Amino acid sequence: MQPVDPQELEKVGGIVARWQNRPGPLLEVLHEVQEALGCIPADAVGPIAAGLNLSRAEVHGVVSFYHYFREHRVGRHQLEVCRAEACQSMHSQVLIDHIKKRLDVDFHATTADGAITLLPVYCLGNCACAPAVMIDGELHGRVTPQRLDELLKALS
Amino acid sequence: MSVTIYVPGDSGALSLGAQAVAEQIAKLAAQRNLAVRIVRNGSRGLYWLEPLVEVQCAAARIGYGPVAAADVAGLFDAGFLQGAAHPLCVGPVEEIPYFKQQQRLTFERVGRIDPLSLDDYRAHGGFAGLTRALSMEGAAIVKAVTDSGLRGRGGAAFPTGIKWKTVLDQTADQKYVTCNADEGDSGTFADRMLMEGDPFTLIEGMIIAGIAVGATQGFIYCRIEYPHAIKVLRAAIAACIAQGYLGASVCGSGKRFDLQLRLGAGAYICGEETSMLESLEGKRGEVRVRPPLPAIQGLFGQPTIVNNVISLASVPIILAKGADFYREFGVGRSRGTLPIQLAGNVKRGGLIELAFGTSIQELLYGYGGGSASGRPIRAVQIGGPLGAYIPASQFDTVLDYEALAGIGALLGHGGVVVFDDTVHMGKMARYALEFCAKESCGKCTPCRIGSTRGTEVMDRVLAGVEVEANLELLNDLCETMLHGSLCGLGGMTPFPVQSALKHFPEDFHHVRH
């Protein structure tokens, strides 16, 4: 995975400037920074804190609190697999075991070629069509191991 | 004349291939020189039929489902544009018993209309509630909501009108209306379906709330796991601004109401109202100690309405048709309708909006058709990850707030997750504790430490280590969490754990790994 180029950090200033006079802006800023840079690198915390008149600790505290925010970039594709009850009732564990074996990664890890990051997710709101996965923001329902293999093939 | 074809743009339908179906219909219609108009409606909530394609015929909308892209050529050949017979034809969609027997009030338009067409919304009764509200005093609006008997559909079931009254009675320079769209409970998708299928209803409900209590700013806090709903909400808010429903003068009334969409970031706890307010303020989503109530000191310290999506989306019809109309539905102190979400291991999962009072049995077998696997249903979990597990012997219980409380369970947001007899209840109980440990905000000790210690104790039980002594310890810990936690996460995690222990003890005593 590519580390964040120092030049890319310059985008942070623009994002902060757009939000700094609006109420309660930190989460929105973090969303935009992650969207622009692929993550919220440690080097971005200082400029965000300074721009919003917060301490670095406050910004870091928020980044680390929320599961969605990450400090490092992930693979080219994100595979999120639902671990919640409705999907469990439709044997999502079989699907999860299959995925881990096939990709040879555990949750929160990226395949050796940097292609796919595997993440757990707790409910995608597709509980009547379980088990569900999300690939790069696209939802898939009633996913069997075979269907998943097809979806992964379509990525490469 | 062109034929109107409905292909849902609901993310559940999309997850089963609706996009490819819509594209294939457009392509083949062009090839065959047939004039069609494709509307991307919301889902009817009949998920076993999704993607459910509907064709507008003279008398009714004729459905075909579940349709795959590969089926489309055959549908054209069979003459589906005229509603002709085909193995996938399900007849007039609104005559399907699963749909016909429902009492759709809040979901009246979902699946019927183009979610982003204000013309379609108005043509189907949209903004009738707002029009009425604009002619009323704030106190009268609040009274109508109170009289309707509407209680918070997010799970806590607090009377919505009383919450509004508290905000109305405060004197403040700024008040807020916030919508909790952080629908994180497993087995629930009503908020998502409504936001994707009829977003203007939610917006209308929020405007009415703002006018009622004198709040000029609204926020929708939507979870990041719903990218499609986010897209629809953004477009819907922009459309309402463009046509003067949002902004400095709502419908030319001189009353201001602005609305912003804010995004969560994957924290389950932010579905708890004070935690959501912290998150909206840009902070860690740690729960606040109450009092003060959010209605008195909420967002940025100002009086704030915090309501769930379905509560707010039920307000327009209450204003349009009157409090009496709404409270005619339901039983006892549970008035109106409840959008039930039937999910998990069930043959016909979906959204079922009914007056309170349907039995679990009727839901599982009458609507659901039994388990998806064909095996016996062993348990259901109602109300999300903090809801109790209910055994088959209690399936005659009806779905209302008091009846479920009577068996030590809860209704929550109305999600029902079905498990067949392959479920291991020991593992489900362990999962409840593990989930609490993962999602605890960390503010109070019973939840933060209790969930982790509970998971460890449960592991020992499931490994057969000093089972009796460890179960006693676990029960003790559950009692501490129940009584000592600051909010529902720590305080209700014992429900699934203790109900599993009570009703399915055999899954805890004979396991040897």
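I took helices (H or I, at least four residues) and strands (E, at least two) as DSSP runs, numbered from the N terminus.

**Entry 1: conventions and confidence**

I worked on a predicted model, in which local features need pLDDT of at least 70, side-chain atom pairs count only at pLDDT 80 or more, and totals for chains, interfaces and linings use all residues. Residues are numbered from 1 along each chain as its sequence is written, while chains are lettered from A and ligands numbered from 1 in the order in which they are written. I looked up the confidence of chain B and found a mean pLDDT of 97, with 99% of its residues at 70 or more; pLDDT is the predictor's confidence in each residue, from 0 to 100. I noted an ipTM of 0.97 and a pTM of 0.97 for the model.

**Entry 2: chain A**

I looked up the make-up of chain A and found 7 helices and 5 strands. Read from the N terminus, the order of elements is α-α-α-α-β-α-α-β-β-β-β-α. The C-alpha trace of chain A spans about 50 × 30 × 20 Å along its principal axes.

I then followed strand 1 (residues 77-82) of chain A, taking two strands as paired if DSSP finds at least two bridges between them. Strand 1 of chain A runs parallel to strand 3 (residues 116-121) of chain A, and 6 bridges join them. In this pair I found A:H77 opposite A:I116 of strand 3. With strand 4 (residues 133-135) of chain A, strand 1 of chain A pairs in the antiparallel sense over 3 bridges. Here A:E80 stands opposite A:M134 of strand 4.

I checked the loop between helix 6 (92-103) and strand 2 (109-110) of chain A, where A:D104 is placed. Phi of A:D104 is near 60°, a positive value in a residue other than glycine. Most residues other than glycine have a negative phi, and most peptide bonds are trans.

**Entry 3: domains of chain B**

I found chain B divided into domain 1 (3-95), domain 2 (118-327), domain 3 (330-420) and domain 4 (425-509); the bounds come from an automatic or database domain assignment. The C-alpha centres of domain 1 and domain 2 of chain B lie 33 Å apart. I counted contacts as residue pairs whose C-beta atoms, placed from the backbone, lie within 7 Å. By this rule 7 residues of domain 1 of chain B are in contact with 7 residues of domain 2 of chain B. The side of domain 1 of chain B that touches domain 2 of chain B has 1 nonpolar, 5 polar and 1 charged residues. For the classes, Ala, Val, Leu, Ile, Met, Phe, Trp, Tyr, Cys and Pro count as nonpolar, Asp, Glu, Lys and Arg as charged, and the others, Gly among them, as polar.

**Entry 4: a sheet of chain B**

I traced an open sheet of 5 strands in chain B, with the order 2-1-3-4-5 and mixed pairing. Strand 2 (36-39) and strand 5 (89-92) of chain B are the edge strands, each pairing on one side only. On average, neighbouring strands of this sheet are turned by 25° against each other, direction ignored. Axes are lines fitted to C-alpha atoms, for helices over the stretch in contact, and angles run from 0 to 180 degrees between N-to-C directions. Strand 1 (residues 3-6) of chain B pairs with strand 2 of chain B in the parallel sense over 4 bridges. I found B:V3 opposite B:V36 of strand 2. Helix 2 (residues 18-31) of chain B packs on the sheet and touches strand 1, strand 2 and strand 3 (53-56) of chain B. The direction of helix 2 makes about 170° with that of strand 2 of chain B.

I also looked for cis peptide bonds. The bond from B:E50 to B:P51 is cis, with omega near -5°, and B:P51 is in the loop between strand 2 and strand 3 of chain B. Another cis bond joins B:G65 and B:P66, with omega about -10°. B:P66 is in the loop between strand 4 (61-64) and helix 3 (72-78) of chain B.

**Entry 5: where the chains meet**

I found 45 residues of chain B in contact with 35 residues of chain A. Among the elements of chain B that each supply at least two residues to this side are helix 1 (11-14) and strand 8 (258-263). Strand 12 of chain B gives the most, with 4 residues. The side of chain B that touches chain A has 21 nonpolar, 16 polar and 8 charged residues.

How values were computed. Contact = placed C-beta atoms within 7 Å.
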